[in-house]
Amino acid sequence: MTNNTNINNPDRISSDQYEGDAVEIKELLFAFLRNWYWIVLFVVIGFLGARFYLRYTITIYQASSKILIKEEKGGGLSEEAVLQEIGILKPNSNIDNEIQILKSRTLMTEVVQELGLDVEYLGLGRLKHTELYTSSPIVLDSVHWGGIRQSATLDLIVNGPVSYNLLDLESETETTHSFSTPLVVQKDTFWLRYVPGRSRADRIQINIGIGPGRYMKPLEIKTVGNYSSVLSLQIEDPVPQKAIDILNKLVEVYNQAAIDDKNQVAKKTLKFIDERLRLLTIELSNVEGGLEQYKERNEIPTETSVTVSMILSEITEYDNTLTQEQIRLELLIAVEDMLSSGDVNQYELIPANIVLEDAGGLDAQIQRYNELLLDRERLMRAAGADNPQLMALNDQLAGMRQNIVQSVQAVRQNLELSIRETQRKLKELQQRINQVPRQERELLEIKRQQNIKEALFLFLLQKKEETALSAAITVPNARVIDSAISGGGPVSPKSMQVYAIGLMLGFALPIGLIFIRELLDNKIYSEADIKRFTQTPVLGAIVQSKSQNPIVVKANSRTGIAEMFRLLRTNLNYIGKGQSKQTILITSGMGGDGKTFIAINLGISLSLTDKRVVILGLDLRKPKLSKYLAQQSDYEGVGITNYLVSDIEIDSVIRPTEINDNLFFIPSGPIPPNPAELLSGGKAPELFTYLKQQFDYIVIDTAPVGLVADAFLLEPYTDISLFSVRHGKTPQQMLVGLEEMRKDQKLKNPAIVLNGVKAGKGGYGYGYGYGYGYGYGYGYGYGYYEEDRKKKWKLF
């Protein structure tokens, strides 16, 4: 409690502010303690809510694996290396491409089809559904769609190994079907099969037509390190085994797709060889048949002479060389036409590894070109046509295409020269054959054609085997470092985290609500609240009376509330500076603050000191004085209003009380239409002059100052003004108005009485202590006195 001298003492005011802040924190802590049961209740609810959430939320598991992406190493300075050097391609662009391929819809669609994930089996419960990945007692073997739709949902009840019931949720009907016959639903036909020894789920839901998008979203692929070729694959799913199968199958499908891409050149080469072998087989059959017919027709039993055989062998050697050179020339011309044909065959694979082995590194260029084409095709599927890496790859292919065309033209020129030289030598040998007899010469020509076809046939068979062997030993793109494995525990929901959140919410929610309630509460609860808004001294506090009787002070009474009125009586001496006679004005900010209650009991307390006391009922608008002291309404008898408007004597309106011989009261009388005019009239001074001569204390019960100006009209006749503040009822704004009145000196010696204090609220409990700037402090404990103890023991 601050003294009026504190107004001119800034240090003291600052100290009081710190004290007020500490009191606010203390009151807030008391508010939490008073509502401890709500906090405990909410914490229990939070724990139960977390447990309920964990019980009925679908548990998510995570599976992970690691693979190594093999990078092809090329010698020399490639165009890709140059592009990486100048910053067009990132060093790990190939890894990024492979990540996009692994995430592609194409691969996931194949995974879904091979694992049968397009069909989902759920065991239905009341609140939670469980996926039956490999344990469903009913399995869908096949389905035939009779319409446009490609998805359906079947709700089934298992009756046993023979039959089941189909639930129609729209019509709420059930139909029984047998596993031996197909199920027809809206033109769609389903073949279902019962698998014994699996889950005993009674009700099963089959969702058909699950797309790859469901499994693409939880799939996460990232590199291990910044420039590493090791990829970490992770996927989350309610069934850990399914997550493991998806990752393993995804790597398998990815490797197979990479092998198929690499074997495209081999497939095209084999197709070319097979076509040539088919034609050579026909030609070789015709040549062998013609040789046989020629021998039979000319009756040639033996072979040609040694000389002829030597010439034939030499001619055969040159024919083989010429044939291979012509095949090379045809292939070079085909390659040149393919690369020079514009956009038609711009990105078509070139047959390789057939006859261009020694063509000045041309085979290596074609092989590299085909590899880039395959990379482009895979990147096109994964990233789209607008990908920057794809555009850079297109530029790289265009440059290589020009280089290959130039190399082909150079090799073609050299090959044409070699063909002309071989033809010249064959012409010389042909002239030597012309000198041989006609039959031998004709036979020699036929055998020559046979040898040419046989040599070419064997050559193509050899190349076919080489190509097939190359395709068979193609290594996959990825090497599995760690096979897919589940982490064990669920990743969502995390039980400890959920319990922590539930308990935190259960604790924070009531704390927040209590804090908001206290923050929005603008009522007065304690002396600390009063000191924040006014420097008016607090004279005392009165606890809330549990009795219905408004008179709580009696002779020889030792209750706590009676002692508080005695304390209030004692403190009046300090406010009144020891005056033997005092006029005490009691008012409030609004109705219901207990000013009449204080006036009556304070008057009784003063009368018990052998002082003559009169209580004036000057609340002329809502009088209650007679109701409390005489059990009748004020307007039923003669009162102050009668005196103020007529010529009756003052003694005629003064009434004694049965409480004490020294206690008198004057009721208000009939309610006047103009109370303010009556109080400001000429008879009011005569009234107070007479009463001060006859009584030691005059206690005035007047109207609230927050509503009307009656109290201000009585200020000249008073010595002390008591302002009643009702605990938990009086708004804080009323004290702001009281502070303005104090500064403007509208009330004489104002002081505050905190009335109706409830146990515990505001940090008081049942004990009170006040200091009033004079160095004195008083404390009284409610329940400490004998009468309170007797009442307490009567409860048991």
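**Exercise 1.** Determine the handedness with which α2 passes α13, and then classify the orientation of the two helices.

Solution. α2 passes α13 in a right-handed crossing, a term for the near helix being turned clockwise from the far one by less than a right angle. The model is a predicted one, in which local features need pLDDT of at least 70 and side-chain atom pairs count only at pLDDT 80 or more, whereas totals for chains, interfaces and linings use all residues. Residues are numbered from 1 along each chain as its sequence is written, and side-chain values use heavy atoms, with hydrogens and water left out. The next step is the geometry: the axes of α2 and helix α13 (residues 495–520) come within 8 Å and cross at roughly 150°, where axes are lines fitted to C-alpha atoms, for helices over the stretch in contact, and angles run from 0 to 180 degrees between N-to-C directions. α2 and α13 are therefore roughly antiparallel, the class for angles over 145 degrees. Helices here are DSSP runs (H or I, at least four residues), numbered from the N terminus.

**Exercise 2.** Which helix gives the most to the nonpolar patch?

Solution. The patch lies on the surface and includes Trp 36, Phe 47 and Leu 503, with about 960 Å² of accessible area for its residues together; the area comes from the Shrake-Rupley method with a 1.4 Å probe. Nonpolar patches join side chains within 5 Å, from residues with over 30% relative accessible area and no salt bridge. Helix α2 (residues 36–56) gives the most, with nine residues. Val 44, placed in helix α2, counts as partly exposed at 41% relative accessibility (buried is under 20%, exposed over 50%, partly exposed in between).

**Exercise 3.** Are Arg 566 and Glu 563 buried or exposed?

Solution. Arg 566 forms a salt bridge with Glu 563, the closest N and O atoms being 2.8 Å apart, where the term requires a side-chain nitrogen of Lys or Arg within 4 Å of a carboxyl oxygen of Asp or Glu. Both residues lie in helix α15 (residues 560–575), three residues apart, about one turn of the helix. Arg 566 counts as buried at 15% relative accessibility, and Glu 563 likewise counts as buried at 15%. By contrast, in the salt bridge of Arg 412 with Glu 416, Arg 412 is partly exposed at 26% and Glu 416 is partly exposed at 27%.

Key
Patches are made of residues with over 30% relative accessible area and no salt bridge: like charges are joined within 9 Å, nonpolar side chains (Val, Leu, Ile, Met, Phe, Trp, Tyr) within 5 Å. Buried means under 20% relative accessible area, exposed over 50%, partly exposed in between (1.4 Å probe, protein chains only). Angles under 35 degrees count as roughly parallel, over 145 as roughly antiparallel, 65 to 115 as roughly perpendicular and the rest as oblique.
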